[in-house]
Amino acid sequence: DDMEVIQTIVPIDAHRTMSSLLVRPTPAWPIQIMIAAAVAIVVTSLGAALVARRVVRPLSELTRAASEMARGSGPPHVAEQGPADVRNAAAAFNTMAARVTRTLESQRHLLSAVGHDLRTPLTAMRINLEFVDDDELRDGRMRNLEELQALSEQVLTAARGASGEEPLQ
């Protein structure tokens with residue numbers, strides 16, 4: 001059972017063959033090799049787990065920050081740590097988040113300014129319509145003004161909603 005047998009048969013001519021038989025014991029695996037192999041597997045697994053954790057943690061933080069930004073909960077900042085590629089991705093994300101936040105803030109200010117700037121001419125037009133004698137003309141223009149007023153209020157509400165402010169009552 002613990003023997004390895006190898007037989008070789010080589011034909012010499014039509015009537016003769018040469019045969020050889022090699023019998024050797026199968027070497028037993030020394031316990032030191034088995035222990036060394038087990039230690040190598042454990043050490044390699046721990047090393048791989050540490051390297052994977054070093055990469056996965058910053059990527060998980062980047063994913064969390066992207067989700068926060070998608071929900072609109074403010075500009076998140078991601079720590080620029082980990083391997084070079086992950087640091088570069090975090091830096092690019094931080095730059096993008098800052099730019100998107102500045103753009104959204106600028107749009108909010110623009111919407112707010114437009115909404116406020118529309119109130120003055122709308123009020124002046126409403127006052128001027130009070131002096132129109134033609135009831136039908138005055139009522140038609142007043143409906144148009146009310147539509148414009150509603151649109152300007154929607155713009156202001158959108159501007160307040162984009163900044164997270166509570167709408168004014």
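**Entry 1: a buried alanine.** I began with Ala 65, which I found in helix H1. For helices I took DSSP runs of H or I with at least four residues, for strands runs of E with at least two, and both are numbered from the N terminus. Ala 65 counts as buried, because its relative accessibility is 0%. My cut-offs: buried is under 20% relative accessible area, exposed is over 50%, and partly exposed is in between, with a 1.4 Å probe and protein chains only. I also looked from Ala 65 across to Thr 103: the two are 38 residues apart along the chain, and their C-alpha atoms are separated by 18 Å.

**Entry 2: what kind of model this is.** I noted that this is a predicted model, where local features need pLDDT of at least 70, side-chain atom pairs count only at pLDDT 80 or more, and totals for chains, interfaces and linings use all residues. Residues are numbered from 1 along each chain as its sequence is written, and side-chain values use heavy atoms, with hydrogens and water left out.

**Entry 3: the overall layout.** Which elements does the protein have, and how do they run from the N terminus on? I listed three helices and two strands, and their order is β-β-α-α-α. The radius of gyration is 40 Å, well over the 15 Å that the globule rule gives for 169 residues, so the protein is more spread out than a compact globule. (That radius is taken over C-alpha atoms, and the rule is 2.2 Å times the number of residues to the power 0.38.) Along the principal axes, the C-alpha atoms fill a box of roughly 135 × 45 × 25 Å. Of the 169 residues, 15% count as buried.

Entry 4: How many salt bridges does the structure hold? I have seven in my notes. Each is a side-chain nitrogen of Lys or Arg within 4 Å of a carboxyl oxygen of Asp or Glu. I followed the network that links Glu 61, Arg 64 and Glu 68. Between Glu 61 and Arg 64, the closest N and O atoms are 3.9 Å apart. Those two residues both lie in helix H1, three residues apart, about one turn of the helix. Arg 64 also meets Glu 68 in a salt bridge, at 2.5 Å from N to O. Here the spacing within helix H1 is four residues, again about one turn. Arg 64 counts as partly exposed because its relative accessibility is 39%.

Entry 5: Next I looked at Arg 108 and Glu 105, whose closest N and O atoms are 2.7 Å apart in their salt bridge. Both lie in helix H2 (residues 84-129), three residues apart, about one turn of the helix. Is Arg 108 buried or exposed? Arg 108 is buried, because its relative accessible area is 12%. Glu 105 is partly exposed, at 33% relative accessibility.

**Entry 6: two surface patches.** I then turned to patches, made of residues with over 30% relative accessible area and no salt bridge: like charges are joined within 9 Å, and nonpolar side chains (Val, Leu, Ile, Met, Phe, Trp, Tyr) within 5 Å. Accessible areas come from the Shrake-Rupley method with a 1.4 Å probe, and for residues only the protein chains shown count as cover.

- The nonpolar patch is formed by Trp 29, Ile 31, Ile 33, Met 34, Ile 35, Val 39 and Val 43, with about 750 Å² of accessible area together. Ile 33 sits in helix H1 (residues 31-71) and is partly exposed, with a relative accessible area of 42%.
- The negative patch is formed by Asp 133, Asp 134, Glu 136 and Asp 139. Asp and Glu count as negative and Lys and Arg as positive, while His and the chain ends are not counted. A charge is placed at NZ of Lys, CZ of Arg, CG of Asp or CD of Glu. Glu 136 lies in helix H3 (residues 135-163) and is exposed, because its relative accessible area is 68%.

**Entry 7: two last distances.** Arg 57 is in helix H1 and is partly exposed, with a relative accessible area of 45%. Arg 57 and Gly 82 are 25 residues apart in sequence and 8.3 Å apart in space, C-alpha to C-alpha. Ser 152 lies in helix H3 and counts as buried, at 1% relative accessibility. From Ser 152 to Asn 88, 64 residues apart along the chain, the C-alpha atoms are separated by 43 Å.
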